[in-house]
Amino acid sequence: MRVGVFICHCGSNIAGTVDVARVAAEARKIPGVAFATNYMYTCSEPGQDEIKAAIKRENLDRIVVAACSPRMHENTFRKTIQKAGLNKYFLEMANIREHIAWIGNDKELNTEKAIDAVSMAIAKVMQNKPLHATSFKINKRVLVIGGGVAGMQAALDCADGGLDVVLVEKSPAVGGIMARLDKTFPTIDCSICILGPKMVDVGQHEKIKLFAYSEIEEIKGYIGNYQIKIRKKATYVDWEKCTGCGLCMEKCPSKNSYDYFNFGVAPTKAINIPFPQAIPKKAKIDPNYCRQFLKGKCGVCAKICPTGAINYEMKDEIVTEEVGAIVVATGYGLLDQNILTEYGGTRYPDVISGIQYERLLNASGPTSGHIERPSDHTEPKTIVFVSCAGSRDKSIGVPYCSGFCCMYIAKQAILTKDHIPDSQSYVFYMDIRSPGKGYDEFTRRAQEEYGAQYIRGRVSKIYPKGKKMIVRGADTLLGTQVEIEADLVVLATAAIAAEGAAEMAEKLHISYDTFGFYVESHPKLRPVETNTSGVFLAGACQGPKDIPSSVGQGSAAAAKVLSLFSRDMLESDPAIAQVNTNACVGCLKCLKTCPFQAIVEDTLRSGKKVAKVIETVCAGCGVCTSTCPCGAIQLQHFTDNQLLSEVSAICQM
Amino acid sequence: MSTEKLKEIILKVLPDVDTVIGWQEGFDKIHITPFFMKSPEDAEKAVWNSLCVQNLAAYLPSLKKKTAVIVKGCDSRTIVQYMQEGLIDRSNVVIIGIPCTGVVSVKKVLKAVDYQPIEDVKFSDEKIIIKTSKGEKTLAIADVCPDKCKTCQYPTPIVYDHLAGDPIESTKPAESVYEDIKEFEKKSLEERRDYFKNEFDKCIRCYACRNACPMCVCQDSCIAETRDPHWITQKLSSEEKMMFHMIHAVHLAGRCVECGECERVCPMDIPVAKLKKKINSEMKELFDYVPGVNPEDKPPMYTFNVEEAKIKEHKL
Ligand SMILES: Cc1cc2nc3c(=O)[nH]c(=O)nc-3n(C[C@H](O)[C@H](O)[C@H](O)COP(=O)(O)OP(=O)(O)OC[C@H]3O[C@@H](n4cnc5c(N)ncnc54)[C@H](O)[C@@H]3O)c2cc1C
Ligand code: SF4
Ligand code: SF4
Ligand code: SF4
Ligand code: SF4
């Protein structure tokens, strides 16, 4: 065996705090190492050429590159050695940048540690086996989960690009939060007027199969070949027959149903169509409020429905779809106002959330666009907006900025003045965050042209006094306490992860951060990819973002899917689990723990029961290998012996 | 419970099974050995007394034909664990349960009679009378029972098809089970390390403990002896011995049914079960799980849960 070792300087990134020449010199002493050198930028073209040349010149058959994280450049160097004729799994990387150079500044100690890391990589590479990928066909259909603006954009771009799209939306209609907004910053154009055409396109596109009021039950498979089980939740209305005439909604006697679409600003009927422009425009019964379900008698809607669409016996239905890639666009949720006890939680009817206010402003909302106080339906004259209601507050677990609140508060202040010219708006803010194009000008307009009074400081308490709400807070610029007698208070409640985000991540096998937002593959360079190949992100499910960014990501995710599907075949990763049938005792413990259901029971010709790995399903997670008591199932490229050789190497130093 | 009642049951189930596994007298009066009965004549030789120590359930996974097995309360936990892990087909097994008030540790008896050759053994209410060339010695069974009997929670088998005798309730408090572990944990880290180092240093790596363990399923594939993977060498160093026992303990995490067979068979008198009992106490704490008690349970180490109720790794 002739190992070649390349120690990278990464400019001064590594060489600044690691004596790279000494690491190379020490590597040279290790048995099996035929060649070791250090190089300025190993990943550069000349750096790679140097590796290729050394392989030829020194007759090397294994390569160790000590540089950055393998997540950066493992693929680069694998391709390099492949071009020089070696199997690409004969490469090992020692991460001496992120793991060593960047985290310590004692050059002596860093150098020692780098020598350890390199000797481990050398020990491992000598145990490596050549592995070969197999290729398989791609199913060129795409699943989009979530029909907010981001999901719809992704679905439309994919469909226009010729792909069959399955769009699954959990609520009864597409549109997400944007469908509830009145106008949109910074141009104040009507939200549903610009979203409506997209919604119609989604509903009518021949390439898009829309499952509304449906949820993902199960995801099986792998990039290129997923089997998706979709639960079509019972609507108790046959959508094939329902024409969306709305007669049932008109006649339904149960008038106190919670209105999810309007965030509970006003009640709705037990059978309802969420909003006039809904796509699909179909009725649905809420069995929590329907008298037929609660009391066993009523049946008014069934009698009135001209097409006989009502079916109280309807059950959830599970359908299976097969796709090759998934775009996740499940959006975000809003902080439960009840947590904000210093603002009265939801105790005071005239303290509402920003999205509820959005519904009050909206001409198709429950008040037909008249701003009124929920308590007595009078027109408010003094309105206080409280930004960061929960956001940037570590104590309630939301240390981050919700991103779009500063902007929508400015928008709502402007719209308030338009609706009620003799009104006065106050905005309590921590900082005004408006870094988009035309955004800062917009917040200035709210103040300068629309007279909104901006007060820099936090609100400490809100409490009622007669018919008014007293908002007490600090004005940190004047260094005083302020109290404002308000008619209506609007809280910009924090954006949080969508409901069920963590469970969805588990189904998709993608990672999520402590707040439940999905983690992209690289924060700068791979913003819409995840670490699970075949799964892409779009919109606010990855973190709070406004409409332009959400739409941009929707298109970006679609581009990724289209580029993935531009091939007919994909290569599978050979670094997967493999069973040594001689050693396997057939206890099938591995089968029980595999999170991907990649293991099945198999019977050898001798009649012996053993475990078998379905190659294309195995994700190479290694759970089975740590379960198997006799080490019969081994993760290729990370076998027990390969890892043990690394441990031995470091113990011998 | 009389041996007669047991024989009756054996004769009843024999026609329906290939073998009935029970006990018979061994080479001397104090040693009882496992007995594979195929005929009514065999059944006549079956015995049951406090010397029937072996956990016969351990044979089940390797038997293909329908088998009846005689189990004490403690042994029945092995069967329950096998059921949880899918290692036996319950319909292929007939369980003859024996309510048991405690067995005798042969090692303790031999020590009490100073390792004299045993000439005869008799039982009289809760006592064992040992005759050697030096005379007779009467020992209370409670004084020479294995440690497991002192805290036994399951004197009546948890699962059975036939019960030879009337069920009995445990009289031992449930908290007593891990009392020895709690006591041991009071020692300092160094003391505990030295204790295990000394004990495991005695190990001769005969693997009797592993071979007797009903839950060691790997048989000839045990990684104590393989080269791929090569976790330990055959060297008789303290490190390798320690490693072997660590592996044994970890492989039994949440699986050890506390039958004590490993300790019983160890020729070097090493407290082999202690580490396993410690891990079991942790499993109970973390997963609220006791091995071999409820056939419907899932062993926590053989499930994949993203979130465990008590381990908040992904807490949002
Ligand atoms: C009060 C307020 C005012 C705003 N005003 C503006 C503005 O003026 N301009 C602007 O640019 N931005 C504004 N925003 C931000 C805007 O709402 C977001 O940028 C945008 O909605 C993000 O789109 P999205 O598609 O990523 O998520 P969402 O709109 O949240 O859509 C997600 C969709 O996925 C569905 N879904 C969720 N989970 C699942 C699941 N498990 N399975 C299937 N479907 C699922 C949801 O039902 C929803 O339809 C405002 C936000 C608020 C709160
Ligand atoms: S059954 Fe009655 S209450 Fe229920 S939706 Fe129909 S009309 Fe409304
Ligand atoms: S856990 Fe190991 S021994 Fe058991 S079936 Fe799986 S591979 Fe075979
Ligand atoms: S490595 Fe093992 S546990 Fe992980 S997916 Fe593959 S077979 Fe399943
Ligand atoms: S039975 Fe005793 S001596 Fe033999 S391997 Fe086990 S612990 Fe060691």
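How many residue pairs are in polar contact across the interface of chain B and chain A? In this predicted model, the count is eight, with both residues of each pair at pLDDT 80 or more. On the side of chain B that touches chain A, 11 residues are nonpolar, five are polar and five are charged. The contact involves 24 residues of chain A and 21 residues of chain B. Together the two chains bury about 1900 Å², of which 62% lies on carbon and sulfur atoms. One salt bridge is found across this interface. It pairs Glu85(B) with Lys589(A), and the closest N and O atoms are 2.5 Å apart.

Lys589(A) also belongs to the shell around ligand 3. Cys584(A), Cys587(A), Cys590(A), Cys628(A) and Cys630(A) are among the other residues there. By class, the shell comprises nine nonpolar residues, one polar and one charged.

Chain B is assigned three domains: domain 1 (1–101 + 154–172), domain 2 (104–144) and domain 3 (178–303). The C-alpha centres of domain 1 and domain 2 of chain B are 25 Å apart. Eight residues of domain 1 contact 11 residues of domain 2. These two domains of chain B bury about 820 Å² between them, 73% of it on carbon and sulfur atoms. On the domain 1 side, Lys29(B), Ile30(B) and Ser50(B) lose the most area to domain 2, together 58% of what that side buries. The side of domain 1 that touches domain 2 has three nonpolar, three polar and two charged residues. Zero salt bridges are found between these domains. One residue pair is in polar contact, both residues being at pLDDT 80 or more.

Conventions:
Residues numbered from 1 in each chain as written. Chains lettered and ligands numbered in written order. Predicted model: local features only at pLDDT ≥ 70, side-chain atom pairs only at ≥ 80, totals over all residues. Heavy atoms only, no water. Contact = heavy atoms within 4.5 Å. Buried area = accessible area lost by both parts, 1.4 Å probe. Salt bridge = Lys/Arg side-chain N within 4 Å of Asp/Glu carboxyl O. Polar contact = N/O pair within 3.5 Å; in protein donor to acceptor, adjacent residues only side chain to side chain. Nonpolar A, V, L, I, M, F, W, Y, C, P; charged D, E, K, R; others polar. Near = heavy atom within 4 Å. Domains from an automatic or database assignment.
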